[in-house]
Amino acid sequence: MSQMPQPPQLSACPACDEPPQAGDRYCDQCGADLTVAAALSAEAALSAEAALSAEAIAGRPEAHGDLPGAHGDLPEAHGDLPGTHGDLPEAHGDLPGTHGDLSAPPRVNGAAPAAHPGPEPDDYELAAPASGGYGQVADPRAAAALGAPEAPVESGIHPETNASTHTSAASSTGSGTGTGVDPRLSGGEHRPRCAACQEGTIDQDGYCERCGHAQARDRDHMESELEGVAAASDRGLRHHRNEDAFSVSTAALPDGTPVMVAVVCDGVSSATRPDEASAAAAHSANQALRASLPRGAHPQQAMNEAIIAAADAVNSLALDTGAAAPAHEGQRHQNAPACTIVSAVVTSEILTIGWVGDSRAYWVPDDRATPPARLTEDDSWAAQMVAAGLMSEAEAYADERAHAITGWLGADAYELEPHTASFKPDRPGVVVVCTDGLWNYAESAEQMARAVPPDARSRPLNSAQVLVGHALDRGGHDNVTVAVVPFPAAPGRAGSA
């Protein structure tokens, strides 16, 4: 995930005294909102300073006014001393892929991504690049109260696909969805009780009104499985909510051959409502692909149109209900909802990838003696440095600015040029579609191939679960989402269009 410059940090959580990590917006121990606490602390400090200044000013006449009375009759003892008591003295290019043999790592051809004048620092508090270079620093975008209702829980897949969907809460405090009666509420109104203190009720933002503890959400952990494609998503170990989303589905081409679809989106955490942005994008892209592919659209064209549909869905979140669409120029400096996207369409002969941002797709063949390959190029500061020949890949990704993204879906994006590429592997394998919450712990194609179980093609859900566990076992700093799509799509796996 990407995010904006962070607010001032506290030395300890005001609710439980747990020292926060640098960049934390919520307490890892109790879930208290550190951003609000920091703002209140700063306001209190300013108020105290102002009070002290006022007191000092008010006290000056008393301290330095009637000095002759304080020191006796100085004119008599020392003569007339009238002068002794005076005044004291802070782009993207189109990447049309070519059909090729994936026995060697495939090449994704196209122009280098265009620099965006205002990339957002990523979820690891990475600083924006220096001004004048690739990805110049942009002024922080002011948050706007957009007044839209909270998006419904994203299950990861739509009902019409008839998938088996499993949802659980990834929290040691339980689900926090009990319906006990709060004796403090007149009329015995039923509202959820806090899973931590068992006394407070839960507000609409998911926090206990008594102790402030963040409650588990349905999106904290999601899994979906169809015959031929599966995905899993987890909140991770450091975030208060899951801002990733996915959608998997199956369809049939006009000739009846099956096609598998997987869409994975990563919300930009420093933008408003990133969880809604990722959910809207995943839903819209999936729906667009399932509508166009059965009509015979070329996979790359269908992918391009699906990403545009996803972008439109995210853009619409920036508008107030009933408000007219603002001018494009006026949107660029809004803190509008935003996300990245990566999607895969797999048939019996070809696999097609589309993306905007730094979520990725990898090819992992069943024959592990054959080289795996990364199928996407990040829209990020590091990728631009490598493309320009200014740094090696190792140097660029070791830099603190590496994950600053230069492309995303959102009303404040300068332009949208989806990347698409198609490949024709010469052997069976799987496509791994994931957010940076996974690939941060398996960055190269070889590392990803080692993390993917050998039986991934026959057990895609298990493989998705293993890959999520791989990220959690290594720190789980970010939300992590992964879809596993076997290639080729086997006959008999086509779902309803």
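Figure 1. Glu393 is partly exposed, at a relative accessible area of 41%, where partly exposed falls between buried (under 20% relative accessible area) and exposed (over 50%), for a 1.4 Å probe and protein chains only. Glu393 is partly exposed, with a relative accessible area of 41%; partly exposed lies between buried (under 20% relative accessible area) and exposed (over 50%), using a 1.4 Å probe and protein chains only. This is a predicted model, in which local features need pLDDT of at least 70 and side-chain atom pairs count only at pLDDT 80 or more, while totals for chains, interfaces and linings use all residues. Residues are numbered from 1 along each chain as its sequence is written, and side-chain values use heavy atoms, with hydrogens and water left out. Helices (H or I, at least four residues) and strands (E, at least two) are DSSP runs, numbered from the N terminus. Arg374 is buried, at 17% relative accessible area.

**Figure 2. Arg273 sits in the loop between strand 5 and helix 4.** Strand 5 spans 258–267. Arg273 has a positive phi of about 50 degrees, although it is not a glycine. For your backbone checks, most residues other than glycine have a negative phi. The side chain of Arg273 also forms a salt bridge with Glu276, at 3.4 Å, N to O. Arg273 is buried, with 15% relative accessible area, and Glu276 is buried too, with 7%.

**Figure 3. Helix 4 packs against helix 5.** Helix 4 (residues 274–292) and helix 5 (residues 299–316) pack at an angle of about 145 degrees, with axes 8 Å apart. Each axis is a line fitted to C-alpha atoms over the stretch in contact, and angles run from 0 to 180 degrees between N-to-C directions. Contact residues include Ala277, Ser284 and Leu289 of helix 4, and Met303, Ala309 and Val314 of helix 5; contact means heavy atoms within 4.5 Å. By class, the contact has 13 nonpolar, two polar and no charged residues. Here Ala, Val, Leu, Ile, Met, Phe, Trp, Tyr, Cys and Pro count as nonpolar, Asp, Glu, Lys and Arg as charged, and the others, Gly among them, as polar.

**Figure 4. Arg427 and Asp426 form a salt bridge.** Their side chains meet at 2.9 Å, N to O. Arg427 is partly exposed, with a relative accessible area of 25%, and Asp426 is partly exposed at 38%. Elsewhere, salt bridges that share partners join Arg241, Glu243 and Asp275 into one network. The structure holds 13 salt bridges.

**Figure 5. A cis peptide bond joins Phe487 and Pro488.** Its omega is about 0 degrees. Pro488 is found in the segment after strand 13 (480–487). As a handy reminder, most peptide bonds are trans.

**Figure 6. Ala387 in helix 7.** This helix covers residues 381–387. Ala387 is exposed, with a relative accessible area of 52%. Ala387 and Glu377 are 10 residues apart in sequence and 9.8 Å apart in space, C-alpha to C-alpha. To place these views in context, the chain has 11 helices and 13 strands, and 48% of its 497 residues count as buried.

Note on methods. Salt bridge = Lys/Arg side-chain N within 4 Å of Asp/Glu carboxyl O.
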